[in-house]
Amino acid sequence: CKAPFQNIDEEDMREDLPCRAPIASLDCMEEFQGCGDHVSSRSESQAIVSRQSSSAGAALKYKPLGKSGLRVSQLGLGAWVTFSPGVPDETAEAIVTAAYDAGLNFFDLSEAYSNGRAELQLGQLLKKKTWGRTSYHVMTKVYWNVKGDERGLSRKHIIESVKASLERLQLDYIDVVIIHRADDMCPMEEVVRAMSFCIDQGWTMYWGTARWSPVEIMEAWTNCRQFNCTTPIVEQSEYHMFCRGKTELYLPEMYNKIGVGTMAWSPLTLGLISEKMDNGVPVFTRQSFKQGYTWLKDKSSNGDDARRHQNRLRELGALAERLNCTISQLSVAWTLKNENLHCALVGGTTVNQLLENIAALQVVPKLTTEVLVELERILDNKPVRPVRISTLAAR
């Protein structure tokens, strides 16, 4: 006796039965995640970007942020320089539009960027666009208020800052609110309770940290568990070829133990990775000094350090030339090569700068084991955990 469906033609079976993804590989499941469902125009545009990048063997990928369900693109738009005073509004809008069209679904801001002007600009821009709210994520930071006497992480300041950011952004909610740095004058319990309150009110969906030490992150997570508060999902950390220790040694442990993901900022070393040098100081950094970013001066080296940096840049330039890319693209690609990284923030003052950074995705497959070994030789700064010494041996 044959089952009824065995008399059906094979072509009819393929049309009637739902499309199923193979389970042998998670990568295959990613390709078939839209089978049987309505594909939005946003998904179609992302597919087009993937096809365009596939010729170089790379495509923009999406992964959960930490151990949350929030899926973000591996590159996000850092809006610090995009919405700086020296960039016209039309250019800033063109940069954000180009980032969205390229598949970047993450915009990073702060209440302090351009004294709040950055949030205003992005809010007005998003109001003009017809983009679906579910197709992009907005992240902003609190702590560095425009007024110096209102800085900190008190419950009052956190709640007022989040509400003010919502008003400037003209959004119903913020996807992720970042605590820009820890506050030694405020109890950790007050911080985690305030962030959990903001989430309960629907003002934000998630929260995270930036420039926190592993000890501070662990303290916040412990307080969240103790007081039944929402735990952080991400730590924003400076990570590039010349700043590696925290991101490579300690943050992967944070992810494996408590689910806190890693987001890298400054993959271009705040301008210290540049093809143009002037007396040992990168041109971008000098321009930053003129624009008022004087805190970058400690990132610029002089004397022997400057000469070593120049020598490294020369060797990096030669390697980038062999790979048919720029030093900037090599730096971004090297950052993305870290498998423990969930997202890296890139930006630019022009559309061409942004597209050049995004094109670094095509360089990632070129970073073979041999190339990475050559990079380690040039950089000569691979971080190593300090040897643990017992208390008795220390005495």
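What follows is a walk through some of the side-chain contacts in this model, which is a predicted one.

Let me begin with the aromatic rings. As a reminder, a pair of aromatic rings is described by the distance of the centres and the angle of the planes. In this structure there are 5 aromatic pairs, and I will take two of them in turn.

One of them joins Phe107 and Tyr136, whose ring centres are 6.2 Å apart and whose planes make an angle of 40 degrees, and this pair is classed as tilted. Where do Phe107 and Tyr136 lie? Phe107 belongs to strand β4, residues 106-108, while Tyr136 sits in the loop between α5 (117-128) and β5 (137-142), so this pair ties together parts that are 29 residues apart in sequence. Are these two residues buried or exposed? Phe107 has a relative accessible area of 2%, and because the cut-off for buried is under 20%, Phe107 is buried. Tyr136, with a relative accessibility of 5%, counts as buried as well.

The second pair I want to show you is formed by Phe197 and Trp203, with 5.7 Å from centre to centre and 80 degrees between the planes, which is an edge-to-face arrangement. Here the two partners fall into separate classes of accessibility: Phe197, at 26%, counts as partly exposed, whereas Trp203, at 17%, counts as buried.

In general, side chains of opposite charge can pair when their charged atoms come close. The count for this structure comes to 15 salt bridges, and I have picked out three of them.

In the salt bridge between Glu93 and Lys129, the distance from N to O is 3.7 Å. Glu93 is part of helix α4, residues 89-101, and Lys129 is in the loop between α5 and β5, so the pair ties together parts that are 36 residues apart in sequence. Both partners are partly exposed, Glu93 at 21% relative accessibility and Lys129 at 23%. Glu93 and Lys129 are also linked with Lys128 in a network of salt bridges.

Lys156 and Glu160 form a salt bridge whose closest N and O atoms are 2.7 Å apart, and both residues lie in helix α6 (residues 155-169), 4 residues apart, which is about one turn of the helix. Lys156 is exposed, with a relative accessible area of 56%, while Glu160 is partly exposed at 42%.

Finally, Glu374 and Arg377 meet in a salt bridge of 2.8 Å from N to O. They both lie in helix α14 (residues 369-379), 3 residues apart, again about one turn of the helix. Glu374, at 26%, counts as partly exposed, and Arg377 is partly exposed too, with a relative accessible area of 47%.

Conventions: Residues are numbered from 1 along each chain as its sequence is written. This is a predicted model: local features need pLDDT of at least 70, side-chain atom pairs count only at pLDDT 80 or more; totals for chains, interfaces and linings use all residues. Side-chain values use heavy atoms; hydrogens and water are left out. Rings of Phe, Tyr and Trp (its six-membered ring) pair if their centres lie within 6.5 Å; planes under 30 degrees apart count as stacked, over 60 as edge-to-face and the rest as tilted. Helices (H or I, at least four residues) and strands (E, at least two) are DSSP runs, numbered from the N terminus. Buried means under 20% relative accessible area, exposed over 50%, partly exposed in between (1.4 Å probe, protein chains only). A salt bridge is a side-chain nitrogen of Lys or Arg within 4 Å of a carboxyl oxygen of Asp or Glu.
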